Amino acid sequence: MARASRQSDRVNLEQVSVLLIDDNPQALDILSSVCQGFGVKEQIRCNSALEATEIIKRRPVDLILVDCAMPEMDGYDFIHWLRRESPAATRRIPVVMLTSHAAASRINKSRDCGASFVVTKPLTPTVLLQRIVWLSTDEREFIESESYVGPDRRVRNMGPPLNVPGRRSGDLSTHVGAAVEANMDQSDIDSMFKPRRVAL
């Protein structure tokens, strides 16, 4: 990502280019306003994931925010395409999936298609900014295999592991929904994403 300037506890994303994808014009306006509040000057708005694929073919961006539920190509299919079929320079772009439903199945589907993070709607600027800041310090390996392409789905040192077969003892899912399942309350989750000096 591009570098962000910071004064005291404020993060300024004025040098970050963000691709916003949502088929709901009102939701897209809200998302754009939130990003503008973060200082983002370069916003690329798309009303469909198909339109977004054409943009990504022409140029990279620093961050993508995409809604999960859209006609023709939904957010899951878009991220799957991005991770596997887009130009090599764009495949590792951080992607935040936006969803109105925090069901475990939606969280898992987002993770498995290669999303970097999941944020539930209605989103609040504070939560979204915390997740973006967290992504700027994300040091997970990028995995490329036959069955999965995307950031490592395991996150270390973020709390107690879930009782799920195949999970390493030091791992916790990157998704907030999984943290909640691990009996972490909102204050615990928020403290993990406390803004700090970072370079985006």
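Which residues is aspartate 23 in contact with, leaving aside its neighbours within four places in sequence? In this predicted model, the contacts of aspartate 23 are Asn47, Asp67, Ala69, Met70 and Pro71. Aspartate 23 sits in the loop between strand 3 and helix 1. Its relative accessibility is 33%, so aspartate 23 counts as partly exposed. One of its contacts, methionine 70, is 47 residues away in sequence. In space, the C-alpha atoms of aspartate 23 and methionine 70 are 6.1 Å apart.

Aspartate 22 occupies the loop between strand 3 and helix 1 (25-37). Its relative accessibility is 2%. The cut-off for burial is under 20%, and aspartate 22 therefore counts as buried. Its side chain makes a polar contact of 2.8 Å with the side chain of lysine 121. Beyond four places in sequence, aspartate 22 touches Ala27, Leu28, Cys46, Asn47, Asp67, Met70 and Lys121. Asn47, Asp67 and Met70 are also on the contact list of aspartate 23.

Lysine 121 takes part in a further feature. The peptide bond between lysine 121 and proline 122 is cis, with omega at about -5°. Proline 122 belongs to the loop between strand 7 and helix 5. Most peptide bonds are trans.

The chain as a whole has seven helices and eleven strands. Of its 200 residues, 50% count as buried. Contacts between residues at least 6 apart in sequence were also examined; 59% of them join residues at least 24 apart.

The mean pLDDT is 79, and 72% of residues reach 70 or more. Two stretches stay under 50: residues 1-8 and residues 157-200. For residues 1-8, the model has 24 contacts beyond four places in sequence. For residues 157-200, the corresponding count is 86. Where pLDDT is low, the predicted coordinates should not be read in detail.

Helix 2 spans residues 49-58. Its buried residues are Ala49, Ala52, Thr53, Ile55 and Ile56. Viewed down the helix axis, these residues fall within an arc of 165°, so they line one face of helix 2. An α-helix has 3.6 residues a turn, so residues three or four places apart point the same way. The packing partners of the buried residues of helix 2 are strand 3 (17-21), strand 4 (42-46), strand 5 (63-67) and helix 3 (75-84).

Helix 3 is mostly covered, with seven of its ten residues buried. These are Gly75, Tyr76, Phe78, Ile79, Trp81, Leu82 and Arg83. Aspartate 74 caps the N-terminal end of helix 3. A side-chain oxygen of aspartate 74 lies 3.1 Å from the backbone nitrogen of tyrosine 76.

Glutamate 72 is found in the loop between strand 5 and helix 3. It has a positive phi of about 65° although it is not a glycine. Most residues other than glycine have a negative phi. At 72% relative accessibility, glutamate 72 counts as exposed.

Helix 4 covers residues 104-113, and Ile107, Ser110, Arg111 and Cys113 are buried there. The buried residues of helix 4 pack against helix 3, strand 6 (95-99), strand 7 and strand 9 (149-151). Just after helix 4 comes glycine 114, with a positive phi of about 110°.

The structure holds two aromatic pairs. In one of them, the ring centres of phenylalanine 117 and tryptophan 134 are 5.3 Å apart. Their planes meet at 65°, so the pair is edge-to-face. Phenylalanine 117 lies in strand 7 (residues 117-120), and tryptophan 134 lies in helix 5 (residues 125-136). The pair therefore ties together parts that are 17 residues apart in sequence. Both phenylalanine 117 and tryptophan 134 are buried. Elsewhere, arginine 153 lies over the face of tyrosine 148, at 3.9 Å from the ring centre.

Note on methods:
Residues numbered from 1 in each chain as written. Predicted model: local features only at pLDDT ≥ 70, side-chain atom pairs only at ≥ 80, totals over all residues. Heavy atoms only, no water. Phe/Tyr/Trp six-rings, centres within 6.5 Å; stacked < 30°, edge-to-face > 60°. Helix = DSSP H or I, 4+ residues; strand = E, 2+ residues; numbered from the N terminus. Buried < 20%, exposed > 50% of the residue type's maximum accessible area, 1.4 Å probe, protein only. Lys NZ or Arg CZ within 6 Å of the ring centre and 35° of its normal. pLDDT = per-residue confidence, 0-100. Contact = heavy atoms within 4.5 Å. Arc of directions from axis to C-beta. Polar contact = N/O pair within 3.5 Å; in protein donor to acceptor, adjacent residues only side chain to side chain.
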